[in-house]
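My notes follow in the order I checked them.

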Amino acid sequence: MNNRLGRPWREEVARSGQLDAVIALPLKIFKKVAIGFAIVILRPAPIHDNVLCIYAEGPPSNTAKVDDVFNADLGASIVDAYKNRTAIDGFAQPVLWDDLKNMGYELRPSVLVPSGKNPNRIIAGLLEQRRDVERELRLESDAIRKTIERLGEE
C-alpha cells in the first residue's frame, strides 16, 4: 500500500474522501509472525474533513506484556480514539486532506502520528522512510540497467 505502485490507489481513495481511518497494529499481532498489519476504514461518502491515523504499537499506558501485544486495553484505546477522533500524543492523529495531498498521499501512521516524547518512534519512522527511498532507488536503477542492456542489444 505504501510503495510507488500503491500511490494511485492512495491518491484516489484520499481524493474521493472515502478514506476514514488507517490503524497500524503491532508487529506481532499474529503469533510468531512479525509482519506489519493495518486496518483501512473506508466510507461510501466523506463524513469528516480528515483521515484518522492510529499508530497502535502498544497501549498508550505501555502495560502490555511482550506475548500479549493486542489486549483489551489496546482495543479499547483504538475504539476510543476512533470514536473521538482526537489527537493522542504518539498514538492517534487526525490528518487533514490537504496535508495528505502535500505529503504525497502518505498513509503510514508511523510517519503521520507525532511521536512526542518517544525518540524510538522518530528513529523508526526515519528508518522506514529511508528503506522506502532505497527500495525505490533500487527499482529505478534496475529499470535503467535493463533499458541500457536492451539498447545495447539493438
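I started with Arg-145, which forms a salt bridge with Glu-149, the closest N and O atoms being 3.4 Å apart. For a salt bridge I take a side-chain nitrogen of Lys or Arg within 4 Å of a carboxyl oxygen of Asp or Glu. Both residues sit in helix α5 (residues 119–153), 4 residues apart, so about one helical turn separates them. Helices (H or I, at least four residues) and strands (E, at least two) are DSSP runs, numbered from the N terminus. Arg-145 is partly exposed at 40% relative accessible area, and Glu-149 is partly exposed at 42%. My cut-offs are under 20% for buried, over 50% for exposed, and partly exposed in between (1.4 Å probe, protein chains only).

Before going on, I noted the ground rules. This is a predicted model, where local features need pLDDT of at least 70 and side-chain atom pairs count only at pLDDT 80 or more, while totals for chains, interfaces and linings use all residues. Residues are numbered from 1 along each chain as its sequence is written, and side-chain values use heavy atoms, with hydrogens and water left out.

**Other salt bridges**

How many salt bridges does a search of the whole structure find? I get 6. Side chains of opposite charge can pair when their charged atoms come close.

Another of them joins Arg-15 and Glu-11, at 2.8 Å from N to O. Both belong to helix α1 (residues 7–16), and they are 4 residues apart, about one turn of the helix. Arg-15 is exposed, with 56% relative accessible area.

Next I looked up Asp-20, which pairs with Arg-85 in a salt bridge with closest N and O atoms 3.3 Å apart. Asp-20 is in strand β1 and Arg-85 in the loop between α2 and β4, so this pair ties together parts 65 residues apart in sequence. Are Asp-20 and Arg-85 buried or exposed? Both are buried. For Arg-85 the relative accessible area is 13%.

Thr-86 is partly exposed, at 39% relative accessibility. Which residues does Thr-86 touch, leaving out those up to four places away in sequence? I find Ala-81, Ala-92 and Pro-94. A contact here means heavy atoms within 4.5 Å. I also checked Leu-52: its C-alpha atom is 8.3 Å from that of Thr-86, and the two are 34 residues apart along the chain.

**The loop between α3 and α4**

Tyr-105 lies in this loop. Its phi is positive, about 60°, although Tyr-105 is not a glycine. Tyr-105 is buried, at 4% relative accessible area.

Glu-106 is in the loop between α3 (97–102) and α4 (109–112) too. Glu-106 is buried, at 14%. Its side chain makes a polar contact of 2.7 Å with the side chain of Arg-108. By polar contact I mean a pair of N or O atoms within 3.5 Å; within protein, one must be able to donate a hydrogen and the other to accept it, and residues adjacent in sequence count only if both atoms are side-chain atoms.

**The loop between β1 and β2**

Phe-30 lies between β1 (19–25) and β2 (37–42). Phe-30 counts as partly exposed, at 41% relative accessibility.

**The whole chain**

I counted 5 helices and 4 strands. From the N terminus on, the order is α-β-β-β-α-β-α-α-α. Buried residues make up 33% of the 154 residues. Of the contacts with a separation of 6 or more, 62% come from residues 24 or more positions apart.

**Confidence**

Last, I checked pLDDT, the predictor's confidence in each residue, from 0 to 100. The chain averages 78, and 79% of the residues score at least 70. Over residues 58–66 the pLDDT is below 50, and this stretch has 9 contacts in the model beyond near neighbours in sequence. Where pLDDT is low, the predicted coordinates should not be read in detail.
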